[in-house]
Amino acid sequence: MEYNEIVTQVIEFMGTFAFAISGIRHAAAKHFDWFGGYVCGIAVAIGGGTIRDVMLGATPFWMTNPFYMICTALALVFVIVFAKNLERLNNTWFVFDTLGLALFTIAGIQKSLAFGQPYWVAIIMGCITGSAGGVIRDVLLNNEPVIFHREIYAMAAVVGGITYWVLDCCHAQIEVTVIVSFTVTCLIRFLAVRYHLSLPTLKDE
């Protein structure tokens, strides 16, 4: 297995755990049972990556390795065991959701490039990988999809993807590219929520 493939898999595993916890926490807020929480965790963890793989003509990543299902189950156990501790942490779901967004954006870019796609396609695929799972989760929970909120979400993934592209064009090491892109995506998301930053809204007549 090539080094870049190992990095991609590690990122996908970390992103799966982070997104699964985010989905399960949202389900807990709606008082779903354990199975419902697991379904929401799965929806967030594999939703975006599945859409990406179908569009790339690849076998969905979770169908080639049971680890993603196991990872979501571990996330469910984690939330159940540490529920009281998590409740003391304000906006824990938001932190995990942001980490998952950044990690899956990078994973989507790397996989798209491995399939020979140009960078503009890879950035779009990264955005889909990072944000589509959250949309599926919100639909299941009957919430307004987060990408339609005024706060910046998908655009953070786009900027993170552009950062990845710029660093790769500058021939930066893969570790540096990943870390900087991850940090940029997270910072944009955190700052947007902290300071209520948003894109201009459309106005009707």
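Helix α1 gives the most to the lining of the second largest pocket, supplying four residues. Helices here (H or I, at least four residues), like strands (E, at least two), are DSSP runs numbered from the N terminus. The model is a predicted one, so local features need pLDDT of at least 70 and side-chain atom pairs count only at pLDDT 80 or more, while totals for chains, interfaces and linings use all residues. Residues are numbered from 1 along each chain as its sequence is written, and side-chain values use heavy atoms, with hydrogens and water left out.

Back to that pocket. Its volume comes out at about 230 Å³, and of the 14 residues that line the second largest pocket, Ile-24, Ala-28, Phe-32, Val-79 and Ala-83 are the closest to its centre. At least two lining residues each come from α1 (3–29), α2, α3 (67–81) and α4 (83–88). By type, the lining splits into nine nonpolar, two polar and three charged residues. A pocket is an open set of points on a 1 Å grid over the protein atoms alone, with protein on both sides within 12 Å along at least five of seven lines; a cavity is a set of points where a 1.4 Å probe fits but cannot get out, and lining residues have an atom within 4 Å of a point. Grid points are joined across faces, edges and corners, and the volume is the space filled by probe spheres set on the points.

On to the charged pairs. A search of the whole structure turns up three salt bridges, each being a side-chain nitrogen of Lys or Arg within 4 Å of a carboxyl oxygen of Asp or Glu. Asp-53 takes part in a bridge with Arg-52, at 2.9 Å from N to O, and in another with Lys-111, where the closest N and O atoms are 3.1 Å apart. Asp-53 sits in helix α2 and Lys-111 in helix α5 (residues 92–114), so this pair ties together parts that are 58 residues apart in sequence. Asp-53 has a relative accessible area of 0% and is buried; Lys-111, at 17%, counts as buried too. Through shared partners, the salt bridges join Arg-52, Asp-53 and Lys-111 into one network. Arg-52 is likewise buried. For these labels, buried means under 20% relative accessible area, exposed over 50%, and partly exposed in between (1.4 Å probe, protein chains only). Asp-138 and Arg-137 also form a salt bridge, with closest N and O atoms 3.1 Å apart, and both residues are buried.

The surface has a nonpolar patch as well. Phe-35, Val-39, Ile-51, Met-55, Ile-136 and Leu-140 make it up, with about 540 Å² of accessible area together. Two or more of the patch residues come from each of α2 (34–56) and α6 (119–140), and α2 gives the most, with four. Patches are built from residues with over 30% relative accessible area and no salt bridge, joining like charges within 9 Å and nonpolar side chains (Val, Leu, Ile, Met, Phe, Trp, Tyr) within 5 Å. The areas come from the Shrake-Rupley method with a 1.4 Å probe, and for residues only the protein chains shown count as cover. Ile-136, which lies in helix α6, is partly exposed at a relative accessible area of 32%. Gly-57, in the loop between α2 and α3, counts as exposed at 65% relative accessibility. Gly-57 and Ile-136 are 79 residues apart along the chain, and their C-alpha atoms are separated by 21 Å.

Then there is the backbone. Most residues other than glycine have a negative phi. His-171, not a glycine, has a positive phi of about 60°. This residue lies in the loop between α7 (154–169) and α8 (174–194), and is exposed, with a relative accessible area of 72%. His-196 also has a positive phi, near 55°; found in the segment after α8, His-196 is exposed with a relative accessible area of 70%. In helix α8 itself lies Ile-174, which counts as buried at 19% relative accessibility. Ile-174 and Leu-76 are 98 residues apart in sequence, and 32 Å apart in space from C-alpha to C-alpha.

How values were computed: Nonpolar A, V, L, I, M, F, W, Y, C, P; charged D, E, K, R; others polar.
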